[in-house]
Amino acid sequence: MAAAAPEVFAPAQASASPRVTYDVIVVGAGYAGITAARELRLKGYQVLVLEARNRIGGRTWTDTFAGQQIELGGTWVELTQPHVGAELKRYGIPLVADAAPERTFFPTPSGPAEFTPDEGFTRMGATYERIFEGSQQYFERPFEPLYRADLLAGIDNLSLRARLNQMSLTPEQELLVNGQTAVYSGGSSSNGALTMLAQWWALSGWNNDGWNETMKYRMSTGTVGLLNAMLNESQPTVRLNSPVAQIALSGTTYHVTTTAGVTASAKGVVLAVPVNVWQTIKFTPSLPAAQTTAASQGIGVRTGTKLWIHAQSPQGRFYAQGAEGGSPITMMIPDKVTSSGGMLYSAFSTDPNFDPTNTAQISAAVSQLGANVNILGVKSQRWGSDAYSRGGWAFRKPGQLTNLYPNVQQPGSRLAFASGDIANGWSGYIDGAIESGLRAAQQIATMI
Ligand SMILES: Cc1cc2nc3c(=O)[nH]c(=O)nc-3n(C[C@H](O)[C@H](O)[C@H](O)COP(=O)(O)OP(=O)(O)OC[C@H]3O[C@@H](n4cnc5c(N)ncnc54)[C@H](O)[C@@H]3O)c2cc1C
């Protein structure tokens with residue numbers, strides 16, 4: 001579905017005397033912010049969205065490469081993810097399924113080895129089933145993560161590394177999963193909480209088939225298509241190229257000032273920038289305690305990089321996974337065949353020393369995974385060094401679920417917090433960003 005462009009304009013294109021007073025200012029035009037803006041507009045409020053970048057979408061970014069539509073950030077969604085599923089139905093946006101890999105490479109104690117896809121993913125899933133034993137109890141209700149806070153008390157402090165060590169896995173089993181546990185955690189399985197990945201597993205139905213489905217379907221329009229549909233329906237005012245530097249409450253009015261010194265005012269603010277960015281904005285009064293702690297700890301992985309590799313490969317449509325501490329590319333996923341006869345692959349790295357623009361480094365990294373590529377081109381996005389995300393996907397650290405939730409979702413004075421980083425359900429996913437945008441819109445509407 002091709003949505004017409006909403007009114008999106010940069011300050012330079014705004015009229016000489018644009019409105020400066022709104023009911024609500026939404027800071028950030030990612031999925032969380034645009035959801036909140038849509039909801040508030042449909043309740044009849046005047047809404048201004050201030051976005052730092054020259055585009056909407058934030059950590060989703062639909063682009064083109066080698067003649068194909070690609071996503072440089074968040075990509076895969078499912079109709080069973082309740083919030084994004086409802087939005088896709090609302091706007092009639094179909095999903096398309098990725099073609100399955102025909103070959104897989106996984107690390108083994110004697111180096112990378114080829115498995116049939118069925119064998120490779122089944123073996124990995126069997127190991128995950130052991131690692132997440134007990135999650136049906138401690139995540140009895142996966143969308144209410146603290147429902148069994150009593151059980152989580154003894155588990156939330158465990159890192160994925162601690163859990164892997166606890167399991168007495170064979171070297172073969174450990175190598176089947178530690179590349180994934182490390183990459184999701186931002187490079188080291190010691191950084192990420194067991195309960196983060198276990199919650200995703202629980203949300204996937206506590207089984208491997210459900211887990212594998214989470215990386216299968218994408219929006220036919222690209223992720224930007226759904227955002228455009230939301231904006232088109234609700235028509236908030238969106239100002240691009242407007243990084244917010246200060247958010248100050250004076251009486252019952254918020255004054256929101258950009259780095260260029262332009263100020264707009266409103267009765268309430270929805271802060272919809274990544275948690276890792278909260279520290280870069282000056283708040284008066286200061287953020288509440290839970291948000292201050294979250295801002296200093298961060299939630300998005302600091303080193304997340306996504307690459308697109310256009311290549312010819314004798315292995316064709318292959319999926320490859322590395323070991324923790326091995327190849328700087330830890331996951332490589334086949335995508336489309338291009339008109340030049342090459343293949344597009346998406347790949348993930350969390351190695352800060354890896355240069356995702358250097359084809360020699362990429363070729364060497366792929367060889368370490370057990371495959372070979374003749375690279376025709378690359379495109380990449382280092383989310384960790386991006387000033388407006390300061391990290392990639394959300395992945396909670398040990399203890400963050402029980403220590404930060406649910407206070408981190410509670411609003412301050414006329415200030416609500418929307419971010420996929422702090423969702424109840426699919427935190428770290430587009431679905432979670434929509435969930436948090438819906439909640440923040442409701443919260444702010446009761447305060448202004
Ligand atoms: C590489 C990668 C792969 C992913 N894969 C998937 C996937 O397959 N499926 C899935 O569902 N999810 C995936 N995710 C996660 C998903 O993309 C995010 O959870 C979701 O997009 C977060 O939305 P958000 O609105 O909370 O934050 P963001 O998308 O980060 O939006 C925040 C917005 O705030 C803006 N901003 C920042 N600072 C300022 C400022 N000072 N002033 C004004 N604006 C500001 C930013 O520019 C941005 O537009 C992935 C993420 C990454 C990085």
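Residues are numbered from 1 along each chain as its sequence is written, and side-chain values use heavy atoms, with hydrogens and water left out. In this predicted model, local features need pLDDT of at least 70 and side-chain atom pairs count only at pLDDT 80 or more, while totals for chains, interfaces and linings use all residues.

Visitor: How many residues of strand β18 are buried?
Guide: Strands are DSSP runs of E, at least two residues, numbered from the N terminus. Buried means under 20% relative accessible area, with a 1.4 Å probe and protein chains only. Strand β18 covers residues 343–349 and is largely enclosed by the rest of the structure, because its buried residues number seven of the seven.

Visitor: Which residue in the turn between β17 and β18 has a positive phi?
Guide: Strand β17 (residues 329–337) and β18 are antiparallel, joined by six bridges. They form a hairpin with five residues between them. The phi is about 90 degrees, and the residue is G341.

Visitor: What is the relative accessible area of T181?
Guide: T181 sits in helix α7 (residues 171–185); helices are DSSP runs of H or I, at least four residues. Contact means heavy atoms within 4.5 Å. Leaving aside neighbours within four places in sequence, T181 contacts Y128, L160, L164, S189 and L197. T181 is buried, and its relative accessible area is 0%.

Key:
Buried means under 20% relative accessible area, exposed over 50%, partly exposed in between (1.4 Å probe, protein chains only). Two strands pair if DSSP finds at least two bridges between them.
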